[in-house]
Amino acid sequence: MSLEKRPVTRFELLMDAGTGAQKAGDILLGAFVAMGQYVYVEPMIPAEISPPARSRPALSGVIIRLADFDVTNIGNDTDLILAAHEIVLDRRLDDNEFNANAKILLDMGDQEANPDSYEMVLKRCTKLGLSVIPFNVDPESQTIVKELGGKGQNLHYLGMLSYIYNMDEEMVQKEIVKTFGKKLKEDIMAKNVTLYHNGYQLAKEKVFFRYEVQSHKRDGEQILIDGNTSMSMGIIDAGIKLYSGYPITPASSIMHTLAKNFPAYGGVVHQAEDEIAAIGTAIGSYYAGQPAVTATSGPGLSLKQEFIGFATAAEIPLIVIDVQRSGPSTGMPTKTEQSDVLAALCGSHGDYTKIIIGVANIIDCFYAPHLARYLTEKLRVPVFILSDFQTANSYKVLAKFPLVQMKNVDDIPDFVFDRFHMKRLTGPIEMVKTQQTTPGAEGGMRRITGLNTDENGKISYFSDNHQRSHAVRNEKIHHVRRALTTPEMFGKDSNEVLIVGWGSSRGAIEEAIYMCEKNGVPASGMNLRVVYPFPLMLKEIFAKYKKVMTVEVAYGDALKPSPLALLLRSETLKDIHPLIAEATGRPLRPRIIMKKIQEVLK
Amino acid sequence: MTTDTLSKPAPVPITIKELNTENPRWCAGCGDFGIIMGLKRFIVDRQLIPSQTVNVSGIGCSGRAPNYFNTYGVHSIHGRPIPIALGVALARPDLNLFVHAGDGDAMSIGGNHLIHGINKNFKCVFLMYDNEMYALTKNQTSPTTRQNHPTNTQPQGSYLNPLNPITVALGLGASFVASTADWIPDHLTNTMKTAFDHPGFAFVHISQRCPHFDPNNFDHKNSNWFSFLKHPNGIEPDRRLADKTEVLEHDPSNLAQAFQYGAAERRYFGLFFQNKEKPRYDVILHNLVDKAVKKDPSKILDSFLV
């Protein structure tokens with residue numbers, strides 16, 4: 001039996017929706033963490049609750065990247081797939097995310113009833129050069145699964161995977177008890193544990209390879225958290241007092257987390273009748289002096305646009321979180337994309353600019369609400385936080401990060417600014433309306449309106465006045481522009497190629513540049529945390545690179561620039577094209593980034 | 001946060017003059033003058049503190065109303081004053097909250113918010129300015145335009161039977177439904193009083209004249225076409241007109257009778273229905289916070305420790 005040591009590997013468990021693939025992933029993750037390995041998990045979730053079993057839309061699974069270093073993204077290609085049947089495997093092969101020598105463990109349980117379908121998929125695997133290791137769940141386990149009403153197969157697979165990844169059987173069992181302990185009756189739990197052991201035993205007898213990733217002892221307190229949960233806790237820590245939202249994938253889990261937790265910290269969760277009402281109530285609350293936030297995804301962002309313009313004109317602070325998914329329209333609700341940046345920036349009528357913060361990872365999710373609150377209260381313009389499906393749903397173990405417990409925005413610590421590559425705002429900030437009192441403030445009575453006003457807040461249709469309002473609003477954005485410092489850079493200060501991305505592409509860019517440097521590919525990288533406005537020195541930075549190219553999970557082609565490329569071109573006059581502009585719903589891969597850079601350099 | 005506090009009287013007596021801002025930009029004879037004057041009279045009678053009073057409106061002629069009160073105010077976007085008002089109510093339950101909406105705001109573009117404002121029953125006085133047309137956009141059919149009345153968008157005459165705001169509100173389960181008109185100032189102010197004291201969403205329908213586009217709609221010189229509803233728990237009939245028209249005794253707890261008056265051809269001004277016991281969403285949310293076992297904010301990540 002060979003035990004192959006690897007610095008990094010990636011595997012997948014593919015099952016039908018509702019059969020527990022993600023639960024098995026959670027248990028594995030707990031065990032890997034207990035072993036001191038670095039893990040990054042991406043759940044694959046269908047947009048429907050329970051699509052018919054053994055159908056392509058039913059694919060539900062978990063991708064686990066395991067490394068002996070801190071992983072910042074889901075990585076390149078899969079080395080091992082464990083598939084519950086041939087249909088989910090066939091569906092996943094379409095994504096073309098496997099290594100040429102990837103191994104496939106295929107459960108043959110459904111073969112008898114579907115011989116042709118199995119034959120077809122097995123032929124496909126052979127054609128692709130993939131080695132398939134067929135297996136059958138042992139008879140005892142099959143009986144137990146039947147007794148459990150079709151449940152428990154995931155624990156059998158979990159057993160197989162924990163053998164292959166050289167995990168201690170007893171330790172994983174502890175994780176199982178920890179996960180299900182309170183929910184399952186003793187006899188049911190015993191059956192599940194038997195399934196696990198049988199799976200472990202099966203792999204021991206039938207599978208002739210094992211992998212090991214080196215363990216590390218990690219100091220300090222560690223937490224396991226996903227992007228949306230991190231954002232939710234950040235909202236609480238930022239001193240926000242109202243969450244106002246409407247259910248929409250993939251933003252809803254922020255509302256779920258806050259519904260459970262917010263009241264204990266003095267916060268209110270309001271589920272509005274629609275997306276428009278949700279943002280209206282956030283605006284009403286902020287106007288009356290209680291910091292508020294609304295979160296949504298693409299379709300909701302479209303609906304909210306008129307109120308975003310109102311908040312701008314009336315100078316009411318406003319924070320909008322957009323957890324991006326694939327669009328346009330309903331698009332692909334459970335697939336990731338970075339395609340809302342233009343809708344956020346330019347989506348509403350009348351030409352006004354906003355501030356867009358992009359979150360690059362789970363820790364950014366926690367601190368973005370603090371920065372958003374600081375900026376929107378100082379400038380009284382809407383601030384967007386753009387996350388995406390990938391960032392929202394991925395989870396990993398992190399060293400517990402410091403809290404701020406922000407009450408007043410002036411209490412915001414420097415490290416939050418550093419994280420987003422900007423400085424504290426300085427100097428007086430002019431408002432369209434000089435007086436900015438809050439209801440209840442004695443003697444401060446004033447009316448706000450979406451109509452144009454003069455500096456006294458009076459409705460005004462005079463030409464000079466309207467031009468001034470635009471100038472004042474834009475100057476607010478320029479304040480941010482001037483406060484932005486050099487964005488996060490990877491690699492050399494000058495080079496043949498610079499690849500630029502924003503938000504969640506950070507991890508893939510960082511790793512791609514690391515690979516480029518190791519392979520002598522002359523490329524550097526940049527990640528923008530504040531996506532708009534751009535820092536003033538951007539043009540000077542770009543001048544040090546022969547080619548500047550974007551990497552985006554959004555569509556672009558030779559005639560249609562991708563969103564970030566469009567913005568960068570217009571603001572720097574540099575001939576910027578996308579290196580990768582793919583709206584496939586799948587995250588960027590470092591290896592593909594390097595490969596494309598190599599092609600460009602040929 | 002407290003759920004509800006009675007507003008304290010102003011330290012210096014408030015007069016109408018202090019509540020005025022600029023000259024309203026409404027047409028001569030517009031019913032909106034009467035409505036805001038009725039509300040100002042109430043504010044003076046009750047001595048509400050202007051800095052603790054918020055008027056929220058939508059868009060249209062009625063949308064301008066908050067600009068003409070020297071209180072706090074939000075002139076928001078078309079159809080959406082209710083969500084804004086709810087935000088204010090959740091953030092500052094101690095403030096006096098008045099929502100101003102036209103028939104387009106309330107019954108058309110913002111219909112969904114009216115449904116849920118009524119259902120949520122949060123504390124505010126909701127004033128529906130009903131001139132039965134779109135006026136600021138220059139004479140278009142609204143959901144309450146009477147059938148066959150010609151407008152710029154339906155020049156052959158409005159096609160449909162109008163929506164009936166009273167039965168709509170009653171049907172939605174409103175905890176307070178009253179009706180009044182811009183030209184009966186005494187009744188208007190009495191209505192504001194009863195509505196303000198209602199613990200919940202007080203739906204007040206106001207028939208409003210539009211002399212510019214529809215001068216013959218409401219015969220404000222005669223009173224034989226409407227009746228007042230009267231009750232010890234209701235709204236006092238108009239002092240000036242009480243002896244000139246029918247005054248009916250109506251118990252505002254009688255929902256079936258309220259529907260009958262609401263659906264009748266004849267107009268009724270007064271309190272159709274009131275239920276002071278309907279649960280309030282704002283109170284429920286505030287209670288959730290008040291009664292939650294508080295957690296240490298310095299440990300918010302501790303439940304994620306591995």
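Before any sheet makes sense, I need the rule for pairing: two strands pair if DSSP finds at least two bridges between them. Helices (H or I, at least four residues) and strands (E, at least two) are DSSP runs, numbered from the N terminus. I am looking at a predicted model, where local features need pLDDT of at least 70, side-chain atom pairs count only at pLDDT 80 or more, and totals for chains, interfaces and linings use all residues. Residues are numbered from 1 along each chain as its sequence is written, while chains are lettered from A and ligands numbered from 1 in the order in which they are written.

**Entry: a sheet in chain A**

I traced an open sheet of 8 strands in chain A, in the order β7-β6-β5-β2-β4-β3-β16-β9, with mixed pairing. At its edges I found β7 (131-135) and β9 (222-226) of chain A, each pairing on one side only. From one strand to the next, the twist averages 20 degrees. (Axes are lines fitted to C-alpha atoms, for helices over the stretch in contact, and angles run from 0 to 180 degrees between N-to-C directions.)

Strands β5 (78-83) and β6 (98-107) of chain A run parallel and are joined by 5 bridges. T78(A) has F98(A) in β6(A) as its bridge partner. I also saw helix α2 (86-93) of chain A packing on the sheet, where it touches β2 (8-16), β4 (59-67), β5 and β6 of chain A. The direction of α2(A) makes about 130 degrees with that of β2(A). My contact rule: two residues touch if their C-beta atoms, placed from the backbone, lie within 7 Å.

**Entry: domains of chain A**

I looked up the domain assignment of chain A, which lists domain 1 (3-213), domain 2 (227-414) and domain 3 (490-601); such bounds come from an automatic or database assignment. The C-alpha centres of domains 1 and 3 of chain A lie 35 Å apart. Their contact takes 7 residues from domain 1 and 10 residues from domain 3.

**Entry: where the chains meet**

How many residues does each chain bring to the contact? I got 52 residues from chain A and 42 residues from chain B. On the chain B side, β2 (72-75), α3 (81-91), α5 (111-120) and α9 (281-291) each supply at least two residues. α3(B) gives the most, with 8 residues.

**Entry: chain B on its own**

I counted 9 helices and 9 strands in chain B. Its C-alpha atoms fill a box of roughly 75 × 45 × 40 Å along the principal axes. Of its 306 residues, 54% count as buried (20 or more other C-beta atoms within 10 Å of their own; 12 or fewer is exposed, in between is partly exposed, with C-beta atoms placed from the backbone).

Then I picked out strand β7 (226-230) of chain B. It is largely enclosed by the rest of the structure, because 4 of its 5 residues are buried. β7(B) pairs in the parallel sense with β9 (267-274) of chain B over 3 bridges, and likewise with β8 (247-249) of chain B over 3 bridges. F228(B) has F269(B) as its bridge partner in β9(B) and stands opposite V247(B) in β8(B).
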